Amino acid sequence: MHNTWLLPHRFQKTGWAILIPFLILGIIITLCGIEPSHIFRWLGLEVRTGPDSFTSNADRWINNLIIIGMVIGAFLTTCSRERIEDELTMQLRQQSLMAALWINYAFVILATLFIYDLSYVLVITYDMLGFLLLFLGIFRWKLWRLGKEVRDEE
Amino acid sequence: MKNRIRVERAEVRMTQQQLADAVGVSRQTINAVEAGRFVPSTVLALKIARCFGKSVETVFQLEESD
């Protein structure tokens with residue numbers, strides 16, 4: 001099969017290796033309300049700050065790094081071929097994309113109706129990754145269920 | 001659509017994995033086709049039939065609901 005829009009399978013591991021740590025960092029920062037620079041200090045990495053320093057906005061730069069890391073990781077994982085990319089895998093991929101599209105934009109509509117002000121901006125910001133992560137979750141679940149059906153038959 | 005893939009495999013003593021390798025798909029795909037959960041493309045159906053040395057109509061049959 002010719003899949004011109006999919007990256008080679010080897011990019012999938014790279015994608016997971018980038019996505020998982022940045023996703024964990026992003027969740028910790030969001031849920032615990034920790035400043036990003038504090039995490040790096042906790043890991044023993046010194047972050048220079050100060051009005052004359054290039055890194056005077058350390059938290060902003062680290063936030064950007066985490067978001068870009070999550071996007072790149074999710075993108076690499078989402079757009080990489082499976083080890084065996086055949087027509088069933090393509091069908092599952094298409095179904096997962098459509099399901100993620102429906103769910104994500106239903107969420108956007110609900111958020112628009114029920115969430116306002118700064119909270120709405122934050123929700124829509126976090127939703128940047130929503131579609132990719134939804135697709136990943138649904139696709140992986142479909143592949144797992146397919147594998148389970150084969151194992152159950154054995 | 002129904003199929004006789006399992007019967008044909010048994011006649012030639014071929015496993016799902018061997019059939020999958022022969023036609024270039026995953027074992028999960030062959031399993032899904034056999035179970036009727038996935039309708040193969042024309043190319044895949046022709047490849048499967050050729051593996052058994054049979055015609056496509058022998059291996060795959062339309063049902064009334066199709």
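The second largest pocket has a volume of about 330 Å³, where a pocket is an open set of points on a 1 Å grid over the protein atoms alone, fitting a 1.4 Å probe, with protein on both sides within 12 Å along at least five of seven lines, and lining residues have an atom within 4 Å of a point. The volume itself is the space filled by probe spheres set on the points, which are joined across faces, edges and corners. This is a predicted model, in which local features need pLDDT of at least 70 and side-chain atom pairs count only at pLDDT 80 or more, while totals for chains, interfaces and linings use all residues. Residues are numbered from 1 along each chain as its sequence is written, chains are lettered from A in the order in which they are written, and side-chain values use heavy atoms, without hydrogens and water.

Staying with this pocket, 15 residues line it, and A:Glu82, A:Arg83, A:Ile84, B:Ser26 and B:Gln28 lie nearest its centre. The largest share of that lining, three residues, comes from α3(B), helices being DSSP runs of H or I with at least four residues, numbered from the N terminus.

Turning to the largest pocket, its volume is about 540 Å³, and among its 17 lining residues A:Gly26, A:Thr30, A:Ile67, A:Met70 and A:Tyr126 are the closest to its centre. Helix α1(A) gives the most to this lining, with six residues. Domain 1 (1-81) and domain 2 (84-154) of chain A both contribute lining residues, so the largest pocket lies between them, with domain bounds taken from an automatic or database domain assignment.

Terms used
Helices (H or I, at least four residues) and strands (E, at least two) are DSSP runs, numbered from the N terminus.
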